[in-house]
Amino acid sequence: MEKEVVLAVNYALNKGFQIHPDALKILEQVDIKELEHIIKQIVKEKSKQKLFLINQDDLEVFLGLKDDEELENDFRILNDPSSKITSAEGIDGYNALFTSRFSKLKKIISNRPEAKILKSISSVISTKSNDDLYICGLLSERRVERNVTKLTIDDPTGSIETIVFDKDLQKIAASLLTDQLVMEKISFGKKGGFIVKDVIIPDIPEHAPNRSKTEAYAVFLSDLHIGSMYFMEKELNDFILWLSSPDPVARKIRFVLICGDIVDGVGIYPNQDKELEFVDIREQLEKTIDLLKKIPQHIKIIVTPGNHDPGRRALPQPAIPEFYNSDLWNQKNISMLGNPTMVSLNGVKVLMFHGQSIDDIVRTTPGLSYDKPAQVMRHLLQARHLSPIYGSQTPLAPENDDMMVIDEVPDIFHAGHVHVVDLDLYRGVLILNSGAWQHQTPFQTGVGMTPTPGLAVIVNLKTFKVYTKDFTSKD
Ligand code: D5M
Ligand code: FE
Ligand code: ZN
């Protein structure tokens, strides 16, 4: 018997305990660095219970070798665009999309008292009044000229240019995202023009999140980029092996969420083939399923697409088509869903969105940056829209229904895309960006983007406590 095992056994014996021979067999297999801690904890717990025999069960429960069957793993799909995608065409399609966006967001803002006295833009333009008026519309343009900010907003009746003089209101105006819904309190200027006296956005109310009744954990991942030369296979594999280990946290994991850029794809950017280990999309997906199959069956895996995955590029995206890899679709514990999607994990509502729009927003909104994606996500919650800016880099499909509107406030808002782990809590909603499993690419080095790859973001669904576990080797 190893010296450490003898010491542990003597410790228990000196405290008046007996150790069952089956328990001893397990003790002999435990990592010797952990032994002292484990035996002390078990002695402490069992002393409280006045039970002075340490048996196999005690050790299995303590080491998490025995799964806690009480842990719930209730999974539901609350909203998946995959089956709703219609692809309306051309100008008519975009008119329909924006009409849908306007009416859905107007409904969201209608719980504000001011919404009861909203005037249409055409009626405001054609009348003159000394009273303050309220209007609302989608922000089509923001211009900063000398000391003023000009906001142009559109509703289905017309378009109006409004002027912001007030310094504080100009700061709010600077944080607005193009094509988001804005409500304005305006007055008629003495020299003409419409002066903005207040800016109101849809926003989310203070939110009391749903919690899991039992201490089940979920792991949040994204941007694996399988197939890329920079994919961190060793680190992701270590993470997957850890899921089957006796680590007490690993034993409680019931869900793994993968929020887009599962594979690196083919033909996504110029000369991508020079940076690919697998140049065939099917090979990339085969590699993916080989890895995912190593995750224990009692863990539910949710896979949603990003801009590198096969299928439609424009938002909303349907699930990665079965056509490319039927194995991914045939696993009992894998759910293939679209982007964005809302799922319920033991009652906790998680909104998953890859995060393509973050690029456009960082580029056009002062004060936001790639190293703080959670702040950008906060703006999306405030705008109640996942991808407001139209006509920039993020392609939006001309759907009749704007599925990118955040109708329902989630408990957890999960995105990826920018390869940086970041967390925030906004009005009770846990915002998290799950980083990546790809080393910094030459493109990212060139533009000065510093990713934080190889971190698993783990959330206790009962307490909402967040852990990040680093799988990058330090040697
Ligand atoms: O994107 C990862 C991040 O890097 C995301 O913020 C976009 C940016 N990125 C990566 N490649 C490009 C190119 N070619 N142009 C502009 N921005 C880029 P990912 O979706 O993982 O590629
Ligand atoms: Fe990515
Ligand atoms: Zn991406």
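Before we set off, a word on strands: here they are DSSP runs of at least two residues, numbered from the N terminus, and two strands pair if DSSP finds at least two bridges between them. Also keep in mind that this is a predicted model.

Start with strand S13, residues 341-345.

Next, bring in strand S3, residues 75-79, which pairs with S13 in the antiparallel sense over 4 bridges. Here Ile 77 has Val 343 as its bridge partner.

Show the side chains of S13. Which way do they point? Thr 341, Val 343 and Leu 345 go one way, Met 342 and Ser 344 the other. Since 5 of the 5 residues are buried, S13 is largely enclosed by the rest of the structure.

Now jump to the metals. Select the iron ion (ligand 2): Asp 223, His 225, Asp 261 and His 419 coordinate it at 1.9 to 2.3 Å. The zinc ion (ligand 3) is 3.2 Å from the iron ion, and Asp 261 coordinates both. His 225 sits in the loop between strand S9 and helix H8, and Asp 261 in the loop between strand S10 and helix H9, so the pair ties together parts that are 36 residues apart in sequence. Both His 225 and Asp 261 are buried.

How values were computed
Residues numbered from 1 in each chain as written. Chains lettered and ligands numbered in written order. Predicted model: local features only at pLDDT ≥ 70, side-chain atom pairs only at ≥ 80, totals over all residues. Heavy atoms only, no water. Donors = N, O, S within 2.8 Å, 3.2 Å for Na, K, Ca; no water. Buried < 20%, exposed > 50% of the residue type's maximum accessible area, 1.4 Å probe, protein only.
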